[in-house]
Amino acid sequence: MFPRLARRTRVVTISVLAVAALGLTACTGGGTGGGGGDVNTIDDSLATSFDAAIENAMTSSGSTEAVVGIWGSDGSEYVRAYGNEELDGGSLIRAAQASQPVMCALLLDLVGEGRIDLDREISKDLTRQVGIDGITYRQLCDMRSGLADFKSGFQDIFVNNPTRTWPEQELIAQGLVHSPLSWPGLDMHQSDTNAAMLGRALRVKTAGETAELLEEHVFNKADMGSSYFPAAENTTLPDDALSGLTYPSSGGKPVCDAEVVDVSEVSSSMLGGAGGTVTTVTDLKKFYENYLDGTFGGDAAQVVTETIPTKNPERDADGNPTSEPDTAGRQWTFGMEKQGPLYGRSGAITGTLTAAYHDPESEYTVVVALNNSSAGAGLAKSLAFELAAISAEAGSGPELEWTAEDQAAQVTKAAICQ
């Protein structure tokens with residue numbers, strides 16, 4: 001392990017210095033790179049703007065590597081890697097919660113086949129599970145189950161012991177101990193326990209395994225040829241995948257006076273169905289295109305774009321709202337968030353930050369992955385939104401409610417250990 005770490009450290013250092021010397025410009029040129037993943041059909045000035053934003057995000061997050069894909073509404077493409085000569089735009093990444101909607105796509109595909117009803121209570125399938133009375137399959141994706149998130153109790157362990165195998169039931173139990181949250185079935189509470197519970201329920205209902213179910217019903221249908229759901233004990237990725245870095249964690253915060261840690265080995269079981277998928281930026285683009293275009297679920301696919309306010313209203317004793325719903329700003333849909341015209345998710349798993357957003361109207365997509373997870377998913381989201389705003393200002397993206405400067409400020413605000 002130590003020789004490999006030393007070799008990768010040297011490569012990263014040399015690559016970062018080389019990229020800095022070039023100002024992170026679009027050195028790949030047009031067409032496809034040697035690894036088959038790099039594409040550049042944009043002009044140099046736009047590439048320079050993208051590169052500057054990505055450089056700032058890498059510095060702010062403490063990342064030494066990144067993989068980014070930007071597909072403009074005008075048909076332009078910019079897919080490339082940063083910081084390591086072994087990487088290209090087709091390199092594998094740990095997608096974290098940016099891939100979480102694949103579980104809802106799996107659910108919809110099974111609904112479309114008539115094997116599950118969205119409003120079926122999961123207790124009918126998980127007959128030995130306590131604490132889930134009244135929860136439906138639909139509520140696990142629209143985040144109205146009342147299940148609390150499991151991560152807060154385990155965050156330091158996820159970071160400091162990334163190869164530990166986590167039994168799914170242990171994650172679910174951690175969420176259940178803090179459940180139910182307010183007004184199950186009515187209020188929206190974003191929680192990764194929903195996706196973990198959904199994965200378990202679908203396995204029991206179908207008598208299948210998550211990896212095979214996702215391959216058959218989601219990855220194959222969306223032409224996601226590089227994507228897979230790894231076994232818990234499969235902690236490694238190929239040498240040409242995005243590596244992982246993190247600062248040690250204490251109290252859920254990075255320990256900045258400690259050395260940054262190589263976490264190239266990570267058990268995806270720390271998120272399980274909530275974000276364990278390994279994929280590429282291009283495969284994530286294909287997923288969101290298909291998900292929002294109705295590929296999964298037939299008539300049931302209409303739920304994908306039905307929005308729910310993320311700010312819950314005040315309610316009377318019977319649960320009736322005493323104020324109008326907040327339909328402005330961030331909304332929730334079926335497994336994703338929506339801001340402005342963009343649907344998608346951002347996420348973090350030890351060593352990696354990701355964000356993936358798609359506008360089905362203009363067909364614009366942006367996907368980013370950074371290799372230091374300590375700053376949190378919000379930084380990756382701000383970077384994706386900044387790149388989208390740069391695209392919009394250049395005429396290759398949708399009209400947005402924010403500017404590139406707004407989001408650049410958010411990236412800088414999220415900086416860690418500076």
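## Sheet, packing helices and salt bridges in a predicted model

Strands β2 (residues 66-71) and β3 (residues 77-82) run antiparallel and are joined by 6 bridges. Within this pair, A66 stands opposite Y82 of β3. Strands are DSSP runs of E with at least two residues, helices are runs of H or I with at least four, and both are numbered from the N terminus. Two strands are taken as paired if DSSP finds at least two bridges between them.

The structure is a predicted model, in which local features need pLDDT of at least 70 and side-chain atom pairs count only at pLDDT 80 or more, whereas totals for chains, interfaces and linings use all residues. Residues are numbered from 1 along each chain as its sequence is written, and side-chain values use heavy atoms, with hydrogens and water left out.

The β2-β3 pair belongs to an open sheet of 9 strands with antiparallel pairing, in the order β1-β3-β2-β15-β14-β13-β12-β11-β10. Because β1 (39-40) and β10 (308-309) stand at the edges with a single partner strand each, one side of each has no neighbour in the sheet. Helix α9 (residues 281-292) packs on the sheet, touching β2, β3, β13 (342-349), β14 (352-359) and β15 (364-370), and its direction makes about 40 degrees with that of β2. Helix α10 (residues 377-393) lies across β2, β12 (337-339), β13, β14 and β15, at about 140 degrees to β15. Contact here means heavy atoms within 4.5 Å; axes are lines fitted to C-alpha atoms, for helices over the stretch in contact, with angles from 0 to 180 degrees between N-to-C directions.

The model contains 16 salt bridges, each defined as a side-chain nitrogen of Lys or Arg within 4 Å of a carboxyl oxygen of Asp or Glu. Three of them are listed below.

| Pair | Closest N to O distance |
|---|---|
| K221 and D109 | 2.8 Å |
| R120 and D125 | 2.9 Å |

K221 is partly exposed at 40% relative accessible area, whereas D109 is buried at 3% (buried is under 20%, exposed over 50%, partly exposed in between; 1.4 Å probe, protein chains only).

The mean pLDDT, the predictor's confidence in each residue from 0 to 100, is 92 for the protein chain.
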